[in-house]
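Me: I am new to this structure and would like to learn how to read it. Could we take one feature at a time, with the general idea before the case?

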Amino acid sequence: MVRVLLGRETLWAGPLSIGASTARILLNEPVSGTAACEQGPRMAAMRQVEIVINGQPYRSPPMAPYQLTARYTRPVESGGCNTGTRGVSIEQGFSLGGPNPIVAEGDGGFRVEITAP
């Protein structure tokens, strides 16, 4: 189970099947509460959440068998049109096992929690 948070806001939560290959989720969604973009829907302000977990089982300790890449990108405040973005990302190796979740923390309250079943 993976949870992606920005402060107290859950950006995405759900199961990802993690194994020897790559698991990936990519979400593009309009930013709620913004005015419609006068330049049309193709220029609308969108936010993006991306999670990639690469399984690397051939690695031996102390190298982590999994690699997490997480990104969150949001538009600059600009009246509903996409005039630029701001983002934060995390790249971190990890190992699964044990009862405690894996927690990867980035800047600005960006955090990813991974819990094994």
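Reply: Start with a definition: two strands pair if DSSP finds at least two bridges between them. Keep in mind that this is a predicted model. Here an open sheet of 4 strands has the order β2-β1-β8-β7, and its pairing is antiparallel. β2 and β7 are the edge strands, each pairing on one side only. From one strand to the next, the twist averages 15°.

Me: How many helices and strands are there in the chain?

Reply: The chain has 0 helices and 8 strands. Read from the N terminus on, its elements run β-β-β-β-β-β-β-β.

Me: In which order do the strands β3, β4, β5 and β6 lie in their open sheet?

Reply: The order is β3-β4-β5-β6, an open sheet of 4 strands with antiparallel pairing. Its edge strands are β3, residues 22-30, and β6, residues 85-94, and each pairs on one side only. The twist in this sheet averages 5° from one strand to the next.

Me: What do β7 and β8 form together?

Reply: They form a hairpin, with 4 residues between the two strands. G108 lies in the turn and has a positive phi of about 65°. The two strands run antiparallel and are joined by 4 bridges.

Me: Which residues of β7 are on the covered face, and which on the uncovered one?

Reply: The general idea is that in a regular strand the side chains alternate between the two faces of the sheet. In β7, I102 and A104 make up the covered face, while V103 and E105 make up the uncovered one.

Me: Which residues touch the most other members of the largest nonpolar core?

Reply: As a general idea, in soluble globular proteins nonpolar side chains tend to be buried together. The largest nonpolar core here has 21 residues, and V4, I53, L68 and V112 touch the most other members. At least two residues of this core come from each of β1 (2-6), β2 (9-14), β4, β5 (66-75), β6, β7 (102-105) and β8 (110-114). β5 supplies the largest share, 4 residues.

Take V4 as a case. Leaving aside residues up to four places away in sequence, V4 touches E9, T10, L11, W12, V49, I51, F110, R111 and V112. Over the whole chain of 117 residues, 32% count as buried.

Me: What share of the contacts with a separation of 6 or more is between residues 24 or more positions apart?

Reply: That share is 49% in this chain.

Me: Where is G19, and why does G19 count as partly exposed?

Reply: G19 is in the loop between β2 and β3. Partly exposed covers the range between buried, under 20% relative accessible area, and exposed, over 50%. G19 has 27% relative accessibility, so G19 counts as partly exposed. Not counting residues up to four places away in sequence, G19 touches G55 and Y66.

T83 gives another case, in the loop between β5 and β6. T83 counts as exposed because its relative accessibility is 58%.

Me: Which residues line the largest cavity?

Reply: The general idea is that rolling a probe the size of a water molecule over the atoms shows where empty space is left. The count here comes to 1 cavity of 30 Å³ or more. About 30 Å³ of space lies in the largest cavity. Its lining consists of L96, G97, G98, P99, N100, P101, I102, I114, T115 and A116.

Conventions. Residues numbered from 1 in each chain as written. Predicted model: local features only at pLDDT ≥ 70, side-chain atom pairs only at ≥ 80, totals over all residues. Heavy atoms only, no water. Axes fitted to C-alpha atoms, helices over the stretch in contact; angles between N-to-C directions. Core = buried A, V, L, I, M, F, W, Y, C linked by side-chain atoms within 4.5 Å. Buried < 20%, exposed > 50% of the residue type's maximum accessible area, 1.4 Å probe, protein only. Contact = heavy atoms within 4.5 Å. 1 Å grid on protein atoms, 1.4 Å probe; cavity = no way out; pocket = protein on both sides within 12 Å on 5 of 7 lines; lining within 4 Å. Points joined across faces, edges and corners; volume = space filled by probe spheres on them.
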